[in-house]
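Trainee: I'm new to this one. Could you walk me through how to read it?

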Amino acid sequence: MLFRSHLLDVIGDHPGKNVSELATTIGVTKGAISQVLAKLEKKGVVRRYKKSTNEKEVFVELTKAGHAFHQKHQAINAATEQVLSQELAGHPDEQVEFLVTMFRWLDTYLAQSQEQMRSHARNQK
């Protein structure tokens, strides 16, 4: 469910992207994007289409229901960020900078670990 929400956010924030661009943006395969898009289409929140000028690429857009979900999700994110900003405002800049540095390091570490696990899984086949 989390991946679906993230994909909807990316589609809403970056309209006009094709499936390949969505996969690159999120960091997953085109196949993974296509599988999730099929589920989201069944729910009526996205629509896949091809442009008359380019029959190869598949583009994605939010439906009316998808836009409603995206707006609601943005409001929830804004409220969450406001609470976080208020909490961080009560701490010295050095502590906040350290925390941001650690989160960036952790994000990089987890991404590298995930790629190592994928590589290991591919090599096991």
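Trainee: Leaving aside its neighbours within four places in sequence, which residues is K50 in contact with?

Mentor: Contact means heavy atoms within 4.5 Å. Here, K50 is in contact with E55, K56, E57 and V58, once neighbours within four places in sequence are left aside. Before we go on, this is a predicted model, where local features need pLDDT of at least 70, side-chain atom pairs count only at pLDDT 80 or more, and totals for chains, interfaces and linings use all residues. Residues are numbered from 1 along each chain as its sequence is written, and side-chain values use heavy atoms, with hydrogens and water left out.

Trainee: Which strand does K50 lie in?

Mentor: Helices (H or I, at least four residues) and strands (E, at least two) are DSSP runs, numbered from the N terminus. K50 lies in strand β1, residues 46-51. The protein chain as a whole has five helices and two strands, in the order α-α-α-β-β-α-α along the sequence.

Trainee: Is K50 buried, partly exposed or exposed?

Mentor: Go by relative accessible area with a 1.4 Å probe, protein chains only: buried is under 20%, exposed is over 50%, and partly exposed is in between. K50 counts as partly exposed because its relative accessibility is 46%.

Trainee: And H70, buried or exposed?

Mentor: H70 has a relative accessible area of 6%, so this residue is buried. You'll find H70 in helix α4, residues 64-89. Not counting residues up to four places away in sequence, H70 touches L8, D9, G12, D13 and L62. Across the protein chain, buried residues make up 21% of the 125 residues.

Trainee: Which residues touch the most other members of the largest nonpolar core?

Mentor: A nonpolar core is a set of buried Ala, Val, Leu, Ile, Met, Phe, Trp, Tyr and Cys residues joined through side-chain atoms within 4.5 Å. The largest one has 16 residues, and L7, I11, I33, L37 and V46 touch the most other members. At least two residues of this core come from each of α1 (2-13), α2 (19-26), α3 (30-42) and β2 (54-62). Take I11: beyond four places in sequence, I11 touches L22, L37, V46, V60, E61 and L62.

Trainee: What radius of gyration does the protein chain have?

Mentor: The radius of gyration is taken over C-alpha atoms, and the globule rule is 2.2 Å times the number of residues to the power 0.38. A compact globule of 125 residues would come out near 14 Å, but the protein chain has 18 Å. The C-alpha atoms fill a box of roughly 55 × 40 × 25 Å along the principal axes.
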